[in-house]
Amino acid sequence: QHYSAAAIKFISMTLPAHPENPYWFGPGVLAEFPVLHGLLEVEFAGALLVGEHGWEVPVDIILKVPYHISHYWDLFAGVGPMVAWNAKGAGYGGIATAGVYAWNQGNVGLLVELDYTFLSHATEEAHGVEAAVGVAYRF
C-alpha cells in the first residue's frame, strides 16, 4: 500500500561558507503524494529558518524515489528546485535529500532526513547541510 504523508519537522542547517551566520534553525512542514505508485513521489515543503543575523523562508518541490521496506519502514532519496526568501530578496537553487520514516502500527511516524542545499542570491552563493527530525502522518 502506498500513502500520501504530511509532516511537521524541526530543521537545523549550517552554511560553512558564511562564518558571520553559519547556523540556522526553525520549523518546517511538508506534504508528499505518490505520482507513480512505488516509483516516484512529489513533496512540497516550506520552512521558516532563523539565524543570528536574519531569517529565511525556503520552499521546495522534490521528486523522491521511495523505498517501501515494510509497513514500518520507508526510505527515500530525491532532488528538486528551491526558492528561498530573506531580507535581501529571493534566492534560487536546488535541494538533494535522503531520509527515513519509521512508522508505528498505525499511521503516525518519525521522520529523519539529511539535505544538501544550494542557493544563489543576487550577490552570493550558499551551500548548506540540513538535518531534520519530525512527526509524520500518512493517509
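User: Which element gives the most to the lining of the largest cavity?

Analyst: Strand β3 does, with four residues. One note before we go on: this is a predicted model.

User: How many cavities of 30 Å³ or more does a search of the whole structure find?

Analyst: The search finds one.

User: Which residues lie closest to the centre of the largest cavity?

Analyst: The lining has 14 residues. Closest to the centre are K9, I11, D60, I95 and E130. Now group the lining by element. Two or more residues come from each of β1 (5-14), β3 (40-47), β5 (54-68) and β8 (108-120).

User: How does that lining divide by class?

Analyst: Seven of its residues are nonpolar, one is polar and six are charged.

User: What is the volume of the second largest pocket?

Analyst: A pocket is open, whereas a probe in a cavity cannot get out. In this structure the second largest pocket holds about 170 Å³ of space. It is lined by 17 residues, and those closest to its centre are Y3, H68, D74, W103 and R138. Strands β5, β6 (73-86) and β7 (89-103) each give two or more residues to this lining. By class, eight lining residues are nonpolar, five are polar and four are charged.

User: Let me try one residue. Where is W73 found?

Analyst: Look in strand β6.

User: Is W73 buried, exposed or partly exposed?

Analyst: Read the relative accessible area. Buried means under 20%, and exposed means over 50%. W73 has 45%, so W73 is partly exposed.

User: Which residues is W73 in contact with, leaving aside neighbours within four places in sequence?

Analyst: They are Y67, H68, V100, Y101, A102 and W103. For a distance check, take E41. W73 and E41 are 32 residues apart in sequence, and their C-alpha atoms are 16 Å apart in space.

User: How many aromatic pairs does a search of the whole structure find?

Analyst: The count is five. One of them joins F33 and F44, with ring centres 6.4 Å apart and 55° between the planes. That pair is tilted. It links distant parts of the chain: F33 is in strand β2 (residues 23-36), F44 is in strand β3, and eleven residues separate them.

User: What is the relative accessible area of F33, and of F44?

Analyst: F33 has 33%, so it is partly exposed. F44 has 40% and is partly exposed. Now turn to another pair, Y101 and W103. Their ring centres are 5.1 Å apart, with 15° between the planes. Planes under 30 degrees apart count as stacked, and this pair is stacked.

User: Are Y101 and W103 buried or exposed?

Analyst: Y101 is buried, because its relative accessible area is 2%. W103 is at 6% relative accessibility, so W103 counts as buried.

User: Which residues do ring pairs link into a cluster?

Analyst: F76, Y101 and W103 form that cluster. F76 has a charge over its ring too: the charged end of K64 sits there, 3.9 Å from the ring centre.

User: Which ring does the charged end of R138 sit over?

Analyst: The ring of Y3, at 4.7 Å from its centre. Go back to the second largest pocket to find both residues again. Y3 and R138 are among the lining residues closest to the centre of that pocket.

Key: Residues numbered from 1 in each chain as written. Predicted model: local features only at pLDDT ≥ 70, side-chain atom pairs only at ≥ 80, totals over all residues. Heavy atoms only, no water. 1 Å grid on protein atoms, 1.4 Å probe; cavity = no way out; pocket = protein on both sides within 12 Å on 5 of 7 lines; lining within 4 Å. Points joined across faces, edges and corners; volume = space filled by probe spheres on them. Nonpolar A, V, L, I, M, F, W, Y, C, P; charged D, E, K, R; others polar. Buried < 20%, exposed > 50% of the residue type's maximum accessible area, 1.4 Å probe, protein only. Contact = heavy atoms within 4.5 Å. Phe/Tyr/Trp six-rings, centres within 6.5 Å; stacked < 30°, edge-to-face > 60°. Lys NZ or Arg CZ within 6 Å of the ring centre and 35° of its normal.
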